[in-house]
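This report is written for a reader who is meeting the structure for the first time. Please look over the sequence and the model shown here before reading on.

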Amino acid sequence: MAFKEEEFRYCKDSSFCRRQRKFDGQDDRATYKLHNAHLEDNGVVAEMKNALNPNQPLKLRATIYKSGIFRIEIDEASSAKPRYRVKDVLVGDISQHSSSEGAMEDITGENDGLWEESFKGHSDSKPNGPESIGVDFDFMGAKHVYGLPERGSRLMLGNTRGEGAARDEPYRLYNLDVFEYEPLYGAVPILYSHRPNFSSALFWLNAAETMVDVEDGPDMKRTHWFSESGVIDVFLLSSDTPKGVQMQFASLVGTQFMPPMFSLGYHQCRWNYKDDADVRMVDSKFDEYDIPYDVLWLDIEHTVGKRYLTWDKHLFPDPEGLQHDLASRGRKMVTIIDPHLKVDMGYSVYAEAKRLGFFCKNKDGGDFEGHCWPGTSSWLDYLNPEVRDYWASRFLPANYVGSTEHLYTWNDMNEPSVFNGPEITMPKDLLHYGNVEHRDVHNLYGFYMTMATVAGHKLLRPGRRPFILSRAFFAGSQRYAAVWTGDNGARWDHLASATPMLLQLSLGGIHFCGADVGGFFGNPEPELLVRWYQAAAYTPFFRGHAHIDTQRREPWLFGDVVMGQIRAAIRARYLVLPYLYTLFHMAHTQGLPIMRPLWMEFPGDEVTIAMDDEFMLGEALLVKPVVSANTRSSNVYLPSDKDDIWYPFRNGQTPKEQGVFTSLWSRFRGQTGSLRGQAQAGGKTISVDSGVEQGIPVFQRGGTIIPTRERARRSTSAMRADPFTLHVALNVREEASGSLYLDDGDTDEHTAGGFFLFGLKFQSNQLEYRQTEGSGFKFSHPPPALERVIVYGITKQPARVTLKRKNGGGSELEFIYDKESAMLIVRKPNVPMNEEWSISFAK
Amino acid sequence: MAGAGRALAMVSMLALVAMSVQSEEMRGVQPEDAHLYAKKDMFTCKDGSSTISIDKVNDEFCDCNDGSDEPGTAACSNGVFWCANKGWKAKLLFSSRVNDGVCDCCDGSDEHAGIVTCVNRCQEEGAEQRNILMRSIQLHEQGVAKRSDYVARAHAFREAVFKRRDELGNLIQEVSQKLDGFQAQRDELNKKISEETEERLRQEQEAREAEEKKRAEEEQKRAEELAAQQAEMANQVPSGEEIKSSGDEFGSPEVPPMAPQAVDDLGETQQVVQEGKGYEDPYYSGKHVDKRPSPTGNPDPNTHVDDWYSYDNDHTDEEKPSEDEYRPPEEEYKPPEERPKTEAESESELAVKVLEYDFGPDMAFMALYDKCYEQQVQQYTYEICMFRHAKQKDGGSEQNLGTWSHWTHENGHNSVMHYTNGGGCWNGPARSMKEQQALPPARSADILEQVSMICGEDEFLVSVQEPSRCVYEMEFMTPLACSAHRAQEAREQLLAISH
């Protein structure tokens with residue numbers, strides 16, 4: 001894919017990269033040997049020396065960090081200036097050490113940009129001289145490696161060295177706003193490999209500019225890791241399953257924050273909804289066309305001259321009134337708040353920070369100034385805890401005049417983007433809190449910004465959940481913000497690349513992620529737009545967004561047919577929200593991704609290890625986005641670990657699916673035109689009808705149970721009292737299981753047990769609903785009931801279906817059974833979903 | 001193909017209660033459909049697709065394909081809910097609005113599941129809406145009454161255009177005849193000069209030896225005299241003044257002043273602003289502009305041809321217009337050497353073309369031809385000149401947003417004006433840095449300009465919006481957008497409230 005080539009540094013433009021890549025590992029004198037190894041605490045400590053630098057010993061510490069995680073730290077044994085060690089990324093870090101000192105790099109006498117280098121007229125002074133570090137790691141038996149977000153490449157990372165290498169450049173981790181694809185706005189230095197029965201990963205805890213080379217070795221992938229500065233701090237993760245490795249990684253850097261329910265709905269954004277009347281018009285049109293949406297977003301033009309945390313009163317004379325009006329229909333608003341503050345002593349957010357000395361400093365100590373949207377700007381130094389407190393306080397309504405409890409936040413441009421800086425970002429010799437050089441912490445800037453914004457939301461709404469969208473991120477950012485893939489275009493290939501990009505982010509722990517629907521730049525053809533909605537409805541973060549120079553593209557602007565297709569796609573999203581919300585609970589508590597590569601669910605199916613155009617939404621749904629024009633059918637690989645079967649998942653795409661019971665057979669037809677209940681055997685590729693009016697192929701895995709809410713509503717809030725439907729897809733043993741998570745959708749009560757987690761199990765012709773976790777919470781409305789149960793793949797018609805309630809009550813239920821499709825629908829069990837029950841299907 | 005389900009008489013206490021309530025009046029059913037739900041035992045879906053027992057109506061489970069079995073719940077996503085809204089007016093809602101925690105009906109009947117408690121707001125809303133409707137009826141009726149004035153003015157304008165076209169024809173003929181005459185004189189003069197020169201040369205030849213030097217001097221003097229004579233003859237080509245007086249022989253060239261029926265003079269428009277109507281915001285300072293050429297002439301080179309058709313309806317009496325309002329046509333005329341003959345011809349052609357524009361079935365909109373209106377939005381001044389062009393002015397610079405193209409009609413009424421060929425959309429600000437990637441072409445890279453007509457007392461440019469880059473939407477108020485049909489609709493709505 002194309003990117004703005006001239007703005008990027010290549011390896012050849014970067015001194016440390018040139019030096020690191022030149023090292024080929026063949027010089028025996030470079031090999032370090034261990035000395036004085038001894039046990040200390042829970043690991044081994046040793047001194048490392050090699051023949052090239054016998055007087056510069058290194059200190060190695062190897063520990064079993066947590067279950068299954070091996071940590072290796074290498075630093076200088078002694079040095080004048082301690083090297084920077086990343087803070088705040090690991091959760092519950094049990095081993096923060098004091099740093100040792102000196103230059104670790106082997107300088108061989110040549111002066112290749114060791115003490116100063118320049119790129120495109122930007123000079124980097126390097127006051128500490130060369131500090132780069134590097135290590136090789138081999139992944140034995142691996143055919144593919146994955147990870148290293150964020151980039152627009154395939155999920156499987158091609159070789160960067162060796163014969164037939166896919167590319168010349170190493171994979172680079174350096175948060176940049178240099179438009180398209182590589183490196184992009186965020187970085188998670190984690191690399192995975194997977195083969196049947198063995199999964200492993202390497203996490204490189206370093207926030208400086210980092211490169212990774214990948215090449216083939218004998219039955220292995222060799223990787224070479226190097227960073228411009230900092231220490232070597234490596235975590236080796238391994239497990240017999242990919243999920244095991246995911247959970248290990250989550251134990252290191254934390255899990256996905258539990259989002260408020262509204263943020264899982266559809267978000268409508270544009271640069272820019274211009275004024276109060278425009279916002280009200282867009283809001284009312286969603287209702288006029290009965291299209292659900294939850295959040296209306298305002299880009300930079302709503303402010304007074306791009307002074308964030310202000311409202312242009314000409315455009316928005318009554319922002320509180322506007323927010324309250326939307327909130328009266330259960331909707332929220334988001335405003336953009338970027339890290340660059342306009343240099344203007346009349347702008348209190350700037351002036352106060354200036355007075356307090358809260359900005360990032362030039363190498364000579366003065367406040368750094370650069371260019372961004374508002375013109376000359378300064379950047380808050382979010383690494384400073386006091387600055388974060390200051391920032392948080394700005395979100396209080398007394399400071400952010402015009403904000404209400406219904407307002408949430410979008411942190412953009414936080415790589416940070418500096419229009420006149422090197423590679424559109426900050427100079428590396430800029431100074432942060434504690435006299436830390438920017439080069440050491442570059443990839444953490446956005447991380448700390450979102451940390452501070454979360455603190456602001458907690459001040460604004462004590463006890464309630466924040467929602468922040470960020471463009472930049474680092475390992476652990478999932479604790480603070482959702483992430484979108486930044487500025488894409490209205491192109492079919494960008495729709496196609498959304499899937500591998502989001503899978504890559506998901507592997508990096510950034511689980512609440514999405515790509516802008518329709519593509520930010522350019523004008524999508526209606527078909528592309530519809531396909532984008534159809535695919536994005538099944539991705540964790542679901543937002544339509546468009547550039548200011550594009551034509552309006554709200555769903556109703558393309559005629560009734562297209563509007564109907566988009567509405568169906570958005571409704572399909574709202575339908576699966578109970579399932580999606582349950583997945584978020586799993587992500588929050590266990591670290592499991594929402595969106596998963598097929599091999600994560602089918603670790604034994606080797607076909608899947610090189611697939612990235614289909615994905616699993618949780619363990620139950622397989623999604624295959626349609627990414628080309630005029631598609632009438634798609635080839636879908638249905639994976640199989642062992643005897644897996646699949647059922648077409650109803651996706652709400654056709655008007656016929658709008659609701660019947662007696663004529664239910666037309667209602668529950670799948671995309672194939674066959675009955676919804678007909679199973680397909682896994683382990684093969686099938687052709688599926690997927691015309692734009694039918695929607696994209698979505699399949700439910702046999703053996704799973706998906707909870708849905710089937711009623712059309714205008715927002716998540718409007719669904720809160722709606723009854724549930726259970727889609728029980730039986731496997732070949734006629735068994736299935738699943739779960740349903742319920743909480744109030746808004747507060748932190750869930751962290752104190754204020755939730756219900758119910759396990760669902762279909763076994764021996766009995767469906768059991770049993771509470772497995774949580775101490776429950778009180779509904780503010782009548783508790784939602786069970787509206788219907790649909791069982792797929794049930795081969796015998798039961799004589800009767802009986803509900804048994806926990807209190808001993810029960811009743812016989814009306815049902816309908818179709819032998820041909822082996823499908824059964826139970827009508828209206830009508831039992832509240834906050835209590836246990838069982839339904840038996842007696843032979 | 002469906003297997004036999006087994007229906008049980010599973011009737012809970014709740015269902016019994018619900019049924020007893022429903023038997024009075026089925027919740028959410030429109031009065032005209034009430035008979036469908038009147039049977040004691042069975043209900044047949046409105047589309048006839050199936051028949052179910054009556055206790056499955058409004059039982060929170062969707063049984064009919066068309067959603068008709070759940071008129072009072074949200075169970076069918078394709079259903080509709082009817083609320084009576086006594087005191088205001090009945091309303092049909094999407095079933096998605098039923099029991100969603102939002103009070104959509106003013107009587108609150110859409111929320112009956114205990115999620116929220118709704119207050120009945122029908123009386124207040126009804127009173128408010130009554131006022132709005134009465135105002136609407138008044139506006140539409142007044143507008144309709146004014147229409148005949150517009151038609152009369154349009155008729156007069158049309159006559160004037162015809163007349164002017166004829167004048168132009170005569171003028172063209174007259175001027176070309178005169179020009180032909182002058183050309184003949186000039187040819188004759190040239191011929192004479194030529195003959196004299198030849199004669200002179202011949203004489204010079206003969207007398208060469210005698211007084212060569214003296215003769216040369218004499219010849220020089222004579223040539224000077226001839227040159228002066230030639231210049232004098234050239235000056236005899238008639239001036240603009242002469243053309244005007246010759247034009248007077250065929251009738252007055254200016255468009256005749258109109259009857260005193262102007263409804264859109266400046267004073268009244270300002271009154272519109274003062275009266276409110278929601279447009280008082282100084283941010284959008286509406287301004288009515290009468291666009292006439294300046295008294296000193298110098299018309300815009302792009303518009304000087306059809307400026308002839310500027311129809312000046314500010315002339316509310318029969319008196320001769322004062323100097324500053326009146327543009328004497330003779331100032332438009334330039335000496336024929338500078339003014340190609342085809343200009344008058346193209347002017348004449350345009351007259352015919354304008355007459356073919358869609359001015360509505362009664363031609364009423366012709367009364368607005370070339371009337372110009374302005375609206376200030378932030379730093380921009382937007383100008384619309386009816387049936388001519390739309391412009392965006394920013395300080396000294398000016399952007400053409402399009403020239404007159406066509407109407408969109410709605411219910412037989414001229415409803416939206418379209419101005420096209422405003423040129424390509426220019427680049428936006430700032431983010432150009434990020435816009436260097438090649439992307440598929442926009443659906444349209446051209447400026448789009450449309451003007452929606454809304455009913456009101458006077459001509460007034462109400463609003464200008466740019467919903468996306470280079471798409472301009474204006475709302476223009478005029479009595480011509482008022483219709484008896486809309487007045488009648490509003491009247492019926494008012495009646496419905498009263499009942």
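## A helix of chain A and its neighbours

The buried residues of helix H6 of chain A pack against strand S18 (340-342), helix H5 (348-356) and helix H8 (445-460) of that chain, where a contact means heavy atoms within 4.5 Å. H6 itself spans residues 385-393, and its buried residues are Val387(A), Arg388(A), Tyr390(A), Trp391(A) and Ala392(A). Buried here stands for under 20% relative accessible area, exposed for over 50%, and partly exposed for what lies in between, with a 1.4 Å probe and protein chains only. Helices (H or I, at least four residues) and strands (E, at least two) are DSSP runs, numbered from the N terminus.

At the start of H6(A), the backbone nitrogen of Glu386(A) has a side-chain oxygen of Asn384(A) within 2.9 Å. Such a polar contact is a pair of N or O atoms within 3.5 Å; within protein, one must be able to donate a hydrogen and the other to accept it, and residues adjacent in sequence count only if both atoms are side-chain atoms.

## How the model is read

This is a predicted model, in which local features need pLDDT of at least 70 and side-chain atom pairs count only at pLDDT 80 or more, while totals for chains, interfaces and linings use all residues. Residues are numbered from 1 along each chain as its sequence is written, chains are lettered from A and ligands numbered from 1 in the order in which they are written, and side-chain values use heavy atoms, with hydrogens and water left out.

## Chain B as a whole

Chain B has 499 residues, of which 40% are buried, and its secondary structure comes to 8 helices and 13 strands. Of the contacts in chain B between residues at least 6 apart in sequence, 53% join residues at least 24 apart. The accessible surface of this chain is about 26,600 Å², with 51% belonging to carbon and sulfur atoms; such areas come from the Shrake-Rupley method with a 1.4 Å probe, and for residues only the protein chains shown count as cover.

## Disulfides in chain B

Over all chains, a search of the whole structure finds 8 disulfides, a disulfide being a pair of cysteine sulfur atoms within 2.5 Å. One of them joins Cys45(B) and Cys64(B), with the sulfur atoms 2.0 Å apart. This pair links distant parts of the chain, 19 residues apart, since Cys45(B) is in the loop between strands S1 (42-44) and S2 (51-53) and Cys64(B) in the loop between S2 and strand S3 (80-83). The link is left-handed, with -80° about the S-S bond. Cys45(B) is buried at a relative accessible area of 2%, and Cys64(B) is buried at 0%.

Cys372(B) and Cys385(B) form another disulfide, with sulfur atoms 1.9 Å apart. Because Cys372(B) lies in strand S6 (residues 372-377) and Cys385(B) in strand S7 (residues 380-385), the pair ties together parts that are 13 residues apart in sequence. The torsion about the S-S bond is about 115°, so this disulfide is right-handed, and both cysteines are buried.

Which cysteine sulfur is closest to that of Cys372(A)? The closest one is in Cys360(A), 13 Å away, which is too far for a bond; Cys372(A) is buried at 5% relative accessibility. For Cys513(A), the closest cysteine sulfur is that of Cys269(A), at 17 Å and again too far for a bond, and Cys513(A) counts as buried at 0% relative accessibility.
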